[in-house]
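Here is a short briefing to read alongside the structure.

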Amino acid sequence: MKIFTCPTCNGPLYFDNLTCACGTSVSFDPEAEAFEQLDVPCANREQIDCNWHAEAGPGTYCRACAMTEIVPDSLVTTNIPLWADTEAAKRWVLDNLGRWHWFRPEDPGTRPMFHMLGEYGENPAPMGHAQGVVTISVAEADPVIRTKRRQALGEPYRTMIGHMRHEIAHMLWWRLSLRDDFLDAFREMFGDERADYGQALQRHYQNGPPADWPQRYLSSYASAHPHEDWAETTAHLLHLTDITDSFVAAGFSSPNLPGGSWDPYAETDSERLIYIGASIAVGTNHLNRSMGLADLYPFLLAESTHRKLAFVHRWLRRGAQGL
């Protein structure tokens with residue numbers, strides 16, 4: 001993620017800021033990729049701290065909030081901060097994808113719609129994608145709940161941004177599958193997604209992943225079905241690209257970077273982007289360990305996963321136009 005500047009004092013602003021240190025109230029314009037002085041705020045600004053500007057004038061929602069069809073029950077007051085954190089993660093990922101022109105005004109294709117569900121019992125709310133609708137449990141924004149589920153599932157990584165990247169990835173596959181030239185290439189790389197999905201997940205949870213999954217997949221869950229392999233790979237491409245973009249924005253240097261003004265989202269060489277992202281992730285893991293923290297990116301990239309990441313990169317860079 002880039003670091004932005006205040007329209008009044010030119011001081012630094014970060015993506016989630018509502019105000020600058022100079023006192024200026026600001027809103028984010030996702031089309032201009034810049035902050036502006038607060039003029040027409042999103043209708044969700046007061047309730048959930050949405051800092052994007054309204055898309056269609058006073059009293060309307062921003063482009064991101066307008067994609068949410070169902071919100072959790074606001075009478076349950078504990079839902080509000082969880083919903084706020086979930087929407088913040090959604091805005092972050094939509095902006096990531098917007099750098100490749102997805103879901104922006106120049107993208108003629110279908111936008112995702114979101115169902116943000118609260119949890120009111122012991123059973124987790126389902127998360128997933130179906131026909132353009134992304135369903136997310138806002139309870140996962142609670143770090144205690146998320147940690148318990150991560151440990152129960154034996155996962156090395158679980159965040160709201162990670163959930164958004166994974167579930168939106170399913171929607172991206174659905175969009176790309178409308179292209180005549182995508183499905184054959186996808187099946188050659190990932191396998192035939194027409195295999196029964198329910199049966200595949202049942203086998204995965206009963207028998208576990210294949211013994212050689214680290215040599216073939218980015219996560220054990222990716223081995224369950226081609227759809228999950230795609231979603232996990234797409235999420236990881238976004239992880240690595242955004243780690244790299246944030247590294248550059250922070251002014252850090254690396255002998256692997258092409259130059260200080262290099263834009264990872266404009267990179268056309270998939271292998272170079274993946275190599276640089278992975279090298280930065282490994283270096284940041286080393287930094288985290290100096291503070292006794294878990295690795296930022298606790299994954300290893302095998303040769304087969306490099307090929308899959310490059311495949312996803314090529315399609316995401318060109319796929320939003322003309323769908």
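**Start of the chain and pockets**

Leaving aside neighbours within four places in sequence, methionine 1 is in contact with Phe15, Trp92, Asp95, Asn96, Asp242, Asp245, Ser246 and Ala249. Please keep in mind that this is a predicted model.

**Methionine 1**
- Methionine 1 sits in the segment before β1 (4–5).
- With a relative accessible area of 5%, methionine 1 is buried, because buried means under 20%.
- Between the C-alpha atoms of methionine 1 and aspartate 295, which are 294 residues apart along the chain, the separation is 19 Å.

**The largest pocket**
- The volume of the largest pocket is about 1300 Å³.
- Its lining is made up of 48 residues, and Glu155, His166, Tyr221, Glu228 and Glu232 are the ones nearest the centre of the largest pocket.
- At least two lining residues come from each of β7 (128–130), α3 (143–153), α4 (160–176), α6 (197–207), α7 (213–216) and α8 (226–249).
- Seven residues from α4 make it the element that gives the most to this lining.
- By type, the lining of the largest pocket holds 23 nonpolar, 17 polar and eight charged residues.

**The second largest pocket**
- The second largest pocket has about 380 Å³ of volume.
- It is lined by 16 residues, with Tyr157, Thr159, Ile161, Arg165 and Leu296 closest to its centre.
- Two or more residues of this lining come from each of α2 (79–98), α4 and α8.
- α8 provides the largest share of the lining of the second largest pocket, with four residues.
- Nine nonpolar, three polar and four charged residues make up the lining of the second largest pocket.

How values were computed. Residues numbered from 1 in each chain as written. Predicted model: local features only at pLDDT ≥ 70, side-chain atom pairs only at ≥ 80, totals over all residues. Heavy atoms only, no water. Buried < 20%, exposed > 50% of the residue type's maximum accessible area, 1.4 Å probe, protein only. Contact = heavy atoms within 4.5 Å. 1 Å grid on protein atoms, 1.4 Å probe; cavity = no way out; pocket = protein on both sides within 12 Å on 5 of 7 lines; lining within 4 Å. Points joined across faces, edges and corners; volume = space filled by probe spheres on them. Nonpolar A, V, L, I, M, F, W, Y, C, P; charged D, E, K, R; others polar.
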